[in-house]
Each structure stands twice: as structure tokens, then as C-alpha cells.
Amino acid sequence: MADNKQKPQILHTELVAESRLFKVESVHLRFSNGAERFYERMKSGGRGAVMLIPMLDESTILLIREYAAGTDSYELGFPKGLIDPGENAFEAGNRELMEEVGYGAKQLIPLKQVTLAPGYFGSRMDILLARDLYPEQREGDEPEPLDVVPWQLDQLDALMARPDFSEARSICGVYLLQNWLNKKE
């Protein structure tokens, strides 16, 4: 593994497209062997995001079902959202949990920070295990109420087989949860 590999030199960046949510940059790079390439990437807002794996009790996790515009379908997954300015991942995680699931967590355990398509996106997401839940509902920004779906841990194989449980970060979350549970035993 080449951990000491020299990163390419950024010769120029230019904003080529912008929407309400995204900024696309063209990046002109020169690699250590002299090769030059233009890449496009989604410019990160720098705030990051969080995803929660809420454990209602020792045998039950909580999922949400919400509309996904990208696939034009209702998808089952874990609650998630952006970290607001001035928040850290734990504060954002607890807020998102209260807004989307109706619970707060007394204990948030970091499982892993992940990226999604790092060749194109610069964002990072902290995946947190939420334990010792207590009821607390906060107003969120969802356009419609989210369905909260309790799921038994002994039925994770059935969850993974569902066509509406397809979001890569949520699938990653299941594997991280299983790994955490195996180490706990």
C-alpha cells in the first residue's frame, strides 16, 4: 500500500454549476508523473452529516421510511441529516433523532466516519449508535411525517433483503452495528 504517495497538484479550480443545494467545481490536476487531468467534483459545504442507528432496546432498532426524490420511491433507512453551523456531530445527531424519530439519546457512540463516492463528493458522514433513548419530539424540516419502523435485530437478514432498504450508508450502518454487537459479546 502506498501511503506516502504524493497527491496531485491542483493547478486551477473553477465553479462550473451551482444549485440551491450543490456546487460543482472543475479541478485541473497535475499528477507526480506529469499527467494532467480535469475532474469535476461536488464542492463540500464543510459541515458534514450524521446518521444515527437508534437502539430502542437491546433487541430493537428504529428505522424511518421517507420519500427519496432521487429514486422517486419511499425508502427505509436510518435517520440522518446535516450538521448545522455551531453543532458537532453528537449535537446534530441528537437533534436529528428528535426531529425524525421522536427520541433523544443519552448515549451516542461513534462507529465510523464514511464518505460516499469520494472521487466526486467531498462530504463526510459520522455514523453514530444511539442508545438509552428517551421520548422527545422536535419540529424538523421534513415535508410530511416520517414513518418510524421498529425492527428486531434477529431479523437483520430480512431487512437486508428488502428492496426498499437499498441506501448504501444505511446498509453500511447495519454492518457497523453487527460488528459493534459482536465485539460487545
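Modeller: Buried means under 20% relative accessible area, exposed over 50%, and partly exposed in between, with a 1.4 Å probe and protein chains only. Helices (H or I, at least four residues) and strands (E, at least two) are DSSP runs, numbered from the N terminus. This is a predicted model, in which local features need pLDDT of at least 70 and side-chain atom pairs count only at pLDDT 80 or more, while totals for chains, interfaces and linings use all residues. Residues are numbered from 1 along each chain as its sequence is written, and side-chain values use heavy atoms, with hydrogens and water left out.

The part I take is helix H1. The protein chain has three helices and 10 strands, in the order β-β-β-β-β-β-β-α-β-β-β-α-α. H1 covers residues 89-100, and its 12 residues should span 16 Å at 1.5 Å a residue; the end C-alpha atoms are 16 Å apart, which agrees. That expected span is 1.5 Å times one less than the number of residues.

Of the 12 residues in H1, 10 are buried, whereas buried residues make up 36% of the 185 residues in the protein chain. The buried residues of H1 include charged side chains by name, among them Arg 95, Glu 96, Glu 99 and Glu 100; Arg counts as positive and Glu as negative. Ala 89, Ala 92, Gly 93, Asn 94, Leu 97 and Met 98 are also on the list of buried residues.

The partners are strands: the buried residues of H1 pack against S4 (49-57), S5 (60-68), S7, S8 (103-115), S9 (124-135) and S10 (147-152). Contact here means heavy atoms within 4.5 Å. Over the protein chain, 58% of contacts between residues at least 6 apart in sequence join residues at least 24 apart.

Ring centres must lie within 6.5 Å; planes under 30 degrees apart count as stacked, over 60 as edge-to-face and the rest as tilted. Tyr 67 and Tyr 74 are edge-to-face, 5.6 Å centre to centre with 65 degrees between the planes. Phe 78 and Phe 165 are also edge-to-face, at 6.4 Å and 85 degrees. Phe 78 lies in the loop between S6 (73-77) and S7 (80-82) and Phe 165 in the loop between H2 (156-161) and H3 (168-184), so this pair ties together parts 87 residues apart in sequence. Phe 78 is buried at 0% relative accessibility, and Phe 165 is buried at 2%.

How values were computed: Phe/Tyr/Trp six-rings, centres within 6.5 Å; stacked < 30°, edge-to-face > 60°.
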